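Visitor: I have a model open and would like to learn how to read it. Where do we begin?

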Amino acid sequence: MSTGGLMARIKKAKTTGTLGDGFVMINVPNPLGNDIVRVVKRMTGDPIGEMHNRRQITEAQKLAADRYSHAYVISSGQSNAAIDYSAVKVDTFGAPDALSVHQLDAMRDLASANKELGFQSVLRVRKVVGEGASIKDYCKAMLGKHDTRTLVAQMNMLRADLTALAILWNYESKARAAA
């Protein structure tokens with residue numbers, strides 16, 4: 001898999017405009033083709049964006065979180081182009097439509113991330129980064145408690161998980177992460 005094309009697609013997913021009241025417009029690749037789809041994203045409910053704005057995570061961790069979130073959305077079919085309503089409906093009993101290259105790349109990214117992280121880390125990253133839940137919501141749902149000590153511990157573990165993903169996807173070097 002060429003990282004040049006993938007890095008170009010990640011760079012295309014940058015914020016393209018602010019719509020006010022915590023909403024931004026983002027360009028993401030269409031899973032069914034080579035064109036770009038505009039998506040409106042709510043930034044106030046984005047825990048990773050808030051952590052980055054507060055300087056609680058580094059730029060490399062933010063890039064890794066964005067890549068994971070992008071892969072999660074594309075592979076789970078949550079993008080607005082997941083179903084092609086323009087396709088001709090044919091009553092056949094053959095195999096379903098093949099997955100697009102973007103969906104296959106997203107699934108490879110998730111598989112490599114899940115392989116790198118442990119079971120609890122996968123649950124934490126999927127809930128906070130993929131689904132956009134806050135650390136407090138994650139602690140309530142998965143651990144049954146949300147006291148300050150637990151929140152701080154889970155925040156530190158999430159930072160370590162994002163660092164592992166940043167190293168995996170070459171956003172950060174091992175030497176720099178250890179410093």
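**Reading the fold**

Guide: Along the sequence, the protein chain runs α-β-β-β-α-α-α-α-α-α-α. That pattern holds 8 helices and 3 strands. Helices (H or I, at least four residues) and strands (E, at least two) are DSSP runs, numbered from the N terminus. This is a predicted model, in which local features need pLDDT of at least 70 and side-chain atom pairs count only at pLDDT 80 or more, while totals for chains, interfaces and linings use all residues. Residues are numbered from 1 along each chain as its sequence is written, and side-chain values use heavy atoms, with hydrogens and water left out.

Visitor: What share of the 179 residues in the protein chain is buried?

Guide: Buried residues account for 36% of them. Buried means under 20% relative accessible area, exposed over 50%, and partly exposed in between (1.4 Å probe, protein chains only). For contacts, count heavy atoms within 4.5 Å. Among contacts between residues at least 6 apart in sequence, 54% join residues at least 24 apart.

Visitor: How do I read one helix?

Guide: Start with the general idea. An α-helix has 3.6 residues a turn, so residues three or four places apart point the same way. Now take α4, residues 101-116. Its 16 residues reach 22 Å from first C-alpha to last, close to the 22 Å expected at 1.5 Å a residue. The expected span is 1.5 Å times one less than the number of residues.

Visitor: Which residues of α4 are buried?

Guide: They are His-102, Gln-103, Asp-105, Ala-106, Asp-109, Leu-110 and Ala-113. These cover an arc of only 160° around the axis, which puts them on the same side of α4. The arc is that of the directions from the helix axis to the C-beta atoms. The face turned away from the buried side carries the exposed residues Val-101 and Lys-115.

Visitor: How does α3 read?

Guide: Helix α3 has 17 residues and reaches 24 Å from its first C-alpha to its last, close to the 24 Å expected. Of its 17 residues, 13 are buried, so α3 is largely enclosed by the rest of the structure. Gln-61 lies in this helix. At 5% relative accessibility, Gln-61 counts as buried. Beyond its neighbours within four places in sequence, Gln-61 is in contact with Arg-159, Leu-162, Thr-163 and Ala-166.

Visitor: How many residues does the largest nonpolar core have?

Guide: First, the term. A nonpolar core is a set of buried Ala, Val, Leu, Ile, Met, Phe, Trp, Tyr and Cys residues joined through side-chain atoms within 4.5 Å. The largest one here has 29 residues, and those with the most contacts inside it are Ile-48, Tyr-68, Val-129, Leu-158 and Leu-165. Helices α2 (47-53), α3 (59-75), α4, α5 (119-130), α6 (135-143) and α7 (148-168) each supply at least two core residues. Helix α3 gives the most, with 8.

Visitor: What does Ile-48 contact?

Guide: Set aside its neighbours within four places in sequence. Ile-48 then touches Ile-57, Lys-62, Ala-65, Val-128, Val-129, Leu-158 and Leu-162. At 0% relative accessibility, Val-125 counts as buried. With the neighbours within four places again left aside, Val-125 is in contact with Tyr-68, Leu-117, Gly-130, Leu-158, Asp-161 and Leu-165.

Visitor: How do I describe two packed helices?

Guide: Use the angle between their axes and the distance between the axes. The axes of α6 and α7 come within 10 Å and cross at roughly 105°. These two helices are therefore roughly perpendicular to each other. Ile-135, Lys-136, Tyr-138, Cys-139 and Leu-143 of α6 make the contact with Thr-150, Leu-151, Gln-154, Met-155 and Leu-158 of α7. Axes are lines fitted to C-alpha atoms, for helices over the stretch in contact, and angles run from 0 to 180 degrees between N-to-C directions. Angles under 35 degrees count as roughly parallel, over 145 as roughly antiparallel, 65 to 115 as roughly perpendicular and the rest as oblique.

Visitor: And backbone angles?

Guide: Most residues other than glycine have a negative phi. Arg-55 has a positive phi, near 60°. Arg-55 lies in the loop between α2 and α3 and, at 74% relative accessibility, counts as exposed. Asn-170 also has a positive phi, about 60°. Asn-170 sits in the loop between α7 and α8 (174-178) and is exposed, at 67%.
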